[in-house]
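Okay, thanks for coming, everyone. Let me put the structure up and then walk you through a few places in it.

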Amino acid sequence: MLYAILCYHDEAMVGSWSKDHDDAVMEKLAVVQDNLAKQGRLGPVARLLPTTAATTLRKEGDPPLVLDGPFAETKEQLLGFYIIEAKDLDDALEVARDLGRANPGGSYEIRPVGVFHPGSVAS
Amino acid sequence: MSNIASDLAWIDAALISARPQAVGALLRYFRDLDLAEEAFQNACLRALKTWPQNGPPRDATAWLIMVGRNSGIDDARRRNKLAELPPEDVISDTDDAEGEIAERLDGSHYRDDILRLLFICCHPQLPATQQIALALRIVSGLTVKQIARAFLVTEAAMEQRITRAKTAVAKADVPFEAPGAVERSERLAAVAAMIYLVFNEGYSASGDSIKERAPLCDEAIRLARLLLRLFPAEPEIMGLLSLLLLQHARAGARYDADGGIVLLDDQDRGRWNKPMIAEGMALIDKAMRHRRSGPYQVQAAIAALHSGATHPSETDWTQIELLYRTLEMQQPSPVVTLNRAVAVSKVQGPQAALDLIEPLAKRLAGYFNFHGVRGALLLQLGRATEARCAFDQAIALAGTTAEAAHIRMHIDRLMADCTASGTAHAK
């Protein structure tokens, strides 16, 4: 089954990491990712730009309203996501724990994927 | 071992990111900058003691505000010989109260607290250097030592500068009630200008001071991001952050190994920071949708046109010239015209550009770049003797050794060309 691991964290805090700390975290995450990739279980991975770069399209009106900023004002923001292959929830949680050890703080939301199109954009 | 290190890094980042909001809220309570800072300091000390053991609080900022406020009140009572507050262990059990405060933080105070804190630092009575120093100390939380190093002055001198600034601010009587719409937008403009100053301090560094001053650029970007998070629909603040990101993205390519200036045309574009450019481009894209142009947006748009060109020859100079025209109307200044002249020289040739800047000679007589640009234009027109004279004037006005070295390189090239092609020109 495919799972999305949605990464939430306090953006202001992650933005206060020193470059060295950020690099170190990314390096540790890369080890976990490489491991998954070798097993053929790693799908698309994305780190999102800060929510200050975000725009929201509210569709309830006609025409839809374009708003600056993220969809919801929350304490923790969606900063990135992984798509992974896992046997079951336990297995997916195990991957999330591995990622969490590499990057402590914040939360991961583990969501089973319903429809998945691998897409066609080059990275 | 690495766990302890990452714990401390986490706490550090939490304290840094909570600082503007926490000090801003404490300032509202105590209405005294020193008291607010001291209270925040106390709260940080408490955090360093208890967080590694008890784990992080649910809302670090709310925790710091509450513990800071209590310690401040405690201090004030002690000073006034009044009854002391209950012992520490009572107030460190903060869970319920923390939730209550966190709820209140989501309210409208939050934005105005941070804006007030930033605004206090850029009070019009403070000279620019004091504004920057105060903001870095109070809002960013850099140590006096770090700031002194960035400004290439002694710690004692910087300490004095900050103290003087604080005294001026205390006398200035900034109102503590929530500002009205007009006042809020005035504060926003002043704060944006101050952030731009902080950035420029880092950006204009050269030679030996690059390493020391580069963090000022990062700090300015962090402050601009903070401001945009507070005012997410302000196109000029998007423009400001975009401009800073697009400029800073070139940091790795702006100087050669010896600290010499590398001009935009000669920079290795592979060394530009791509994620920073992507963010800067996204922001100016968003900003322009608002159709409320302003100087930061126009400058960001110019920077974006440079960043978008994979090779200097692909630069859209016609568009850049138009944008400088817009900037001239929004913010008329001879320096902007000088910059437009560079674009004009690319589109219409050096003579048109020279015609544009000659009338500025008097007003820009003391400006290094004026003579540098004028020299380069004269050189393109084959007027070598006058070019040499302009470059000499530029060297005399150079503010840094890198600037002087850069012009000297022009002169060396000029001399070499003259010797080599002297016969050809003479015919």
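Let's start with B:Thr337, which counts as buried because its relative accessibility is 12%; buried here means under 20% relative accessible area, exposed means over 50%, and partly exposed is in between, with a 1.4 Å probe and protein chains only. B:Thr337 sits in helix 16 of chain B, residues 334–348.

Before I go on, some housekeeping. This is a predicted model, so local features need pLDDT of at least 70 and side-chain atom pairs count only at pLDDT 80 or more, while totals for chains, interfaces and linings use all residues. Residues are numbered from 1 along each chain as its sequence is written, chains are lettered from A and ligands numbered from 1 in the order in which they are written, and side-chain values use heavy atoms, with hydrogens and water left out.

Chain B puts 24 residues into the contact and chain A puts in 18. Between them they bury about 1,700 Å², with 61% of that on carbon and sulfur atoms.

The rule for a salt bridge is a side-chain nitrogen of Lys or Arg within 4 Å of a carboxyl oxygen of Asp or Glu, and it finds 3 of them across the interface of chain B and chain A. There are also 5 residue pairs in polar contact across that interface, both residues at pLDDT 80 or more. Polar contact means a pair of N or O atoms within 3.5 Å; within protein, one must be able to donate a hydrogen and the other to accept it, and residues adjacent in sequence count only if both atoms are side-chain atoms.

Where on chain B does this come from? The elements giving two or more residues to the side that touches chain A are helix 1 (2–30), helix 11 (210–230), helix 12 (235–248) and helix 13 (274–288) of chain B. That side divides into 14 nonpolar, 2 polar and 8 charged residues.

Buried or exposed, would you say, for B:Arg222? Buried, because its relative accessibility is 18%. Leaving aside neighbours within four places in sequence, B:Arg222 is in contact with residues including A:Gly15, A:Ser16 and B:Ser140.

The domain assignment, automatic or from a database, gives domain 1 (2–107) and domain 2 (117–231). Domain 1 of chain B gives 13 residues to the contact and domain 2 of chain B gives 12. Those two domains bury about 1,100 Å² between them, 67% of it on carbon and sulfur atoms. B:Arg19, B:Pro20 and B:Leu33 supply 42% of what domain 1 buries against domain 2, more than any other three residues.

The rule finds 3 salt bridges across this domain interface. B:Glu37 and B:Lys166 meet in a salt bridge too, at 2.8 Å, N to O. On the domain 1 side, helix 1 and helix 2 (33–54) of chain B each supply at least two residues, and the largest share, 8 residues, comes from helix 1.

B:Arg31, in the loop between helix 1 and helix 2 of chain B, has a positive phi of about 55° although it is not a glycine. B:Arg291 also has a positive phi, near 50°, and lies in the loop between helix 13 and helix 14 (295–308) of chain B. And over in chain A, the peptide bond from A:Asp62 to A:Pro63 is cis, with omega near 0°.

Methods
Contact = heavy atoms within 4.5 Å. Buried area = accessible area lost by both parts, 1.4 Å probe. Helix = DSSP H or I, 4+ residues; strand = E, 2+ residues; numbered from the N terminus. Nonpolar A, V, L, I, M, F, W, Y, C, P; charged D, E, K, R; others polar.
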